[in-house]
Amino acid sequence: MEKTFLMVKPDGVQRALIGEIVSRFEKKGFQLVGAKLMSISKELAETHYGEHKERPFFGDLVDFITSGPVFAMVWQGENVVALARQMMGATNPKDGTPGTIRGDYSLAVNRNVIHGSDSNESAEREIGLFFKDEELVEYSKLM
Ligand code: CMP
């Protein structure tokens, strides 16, 4: 089953948006297979955002993502990587379509509430960075 990594960022946690965000993915029909409220170390932040290392905003990005708790999640379902990206909306909320999470809840690219893997390869890498295999559950096939 296809899986993706999603994370409510410190701004989303602080603004009490965890429930709303989880609810959107549940109602869509995806299954939550792992979740934890956690603080990110500088090392984990730098690894997770490694592809942005040369960008001028890299330092701010790492400072921000380590500034408060995040809610890290693994979701599964058909086409979940691409559909979760659609539900999140554009990276820059000023281009964000209303009805998407960023379009509805944020105004700034550096405070855009949620992160989601951009490909199956990224999903595998990011899930591995944040979760151990035994932290992910399997759902009953009887229901
Ligand atoms: P995310 O999907 O978590 O992946 C990388 C993040 O970098 C992105 O969301 C934005 O929050 C952040 N980002 C992108 N562009 C900028 C920018 N110009 N200034 C600050 N942060 C940015």
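What covers the buried residues of helix 2? I opened the predicted model with that in mind.

**Helix 2.** I first listed what is buried in this helix, which spans residues 18-28: Ile21, Val22, Ser23, Arg24 and Phe25. Then I looked at the cover. It includes strand 1 (3-8), strand 3 (70-76) and strand 4 (114-116), and on the helical side helix 5 (80-88) and helix 6 (101-105). I also checked the residue just after helix 2, and found Gly29 with a positive phi of about 115 degrees.

Four of them make an open sheet, ordered 2-3-1-4, with antiparallel pairing. Strand 2 (31-38) and strand 4 sit at the edges, each pairing on one side only. From one strand to the next I get an average twist of 15 degrees.

I zoomed in on strand 1 and strand 3, which pair in the antiparallel sense over six bridges. I looked up Phe5 as well, and its bridge partner in strand 3 is Val74.

**Helix 7.** I then asked what packs on this sheet, and noted helix 7 (residues 120-130). Helix 7 touches strand 1, strand 2, strand 3 and strand 4, and its direction makes about 60 degrees with that of strand 1.

In the model Ser122 lies in helix 7. Buried or exposed, I wondered, for Ser122? I put it down as buried, because its relative accessibility is 13% and the cut-off for buried is under 20%.

Notes:
Residues are numbered from 1 along each chain as its sequence is written. This is a predicted model: local features need pLDDT of at least 70, side-chain atom pairs count only at pLDDT 80 or more; totals for chains, interfaces and linings use all residues. Side-chain values use heavy atoms; hydrogens and water are left out. Buried means under 20% relative accessible area, exposed over 50%, partly exposed in between (1.4 Å probe, protein chains only). Helices (H or I, at least four residues) and strands (E, at least two) are DSSP runs, numbered from the N terminus. Contact means heavy atoms within 4.5 Å. Two strands pair if DSSP finds at least two bridges between them. Axes are lines fitted to C-alpha atoms, for helices over the stretch in contact, and angles run from 0 to 180 degrees between N-to-C directions.
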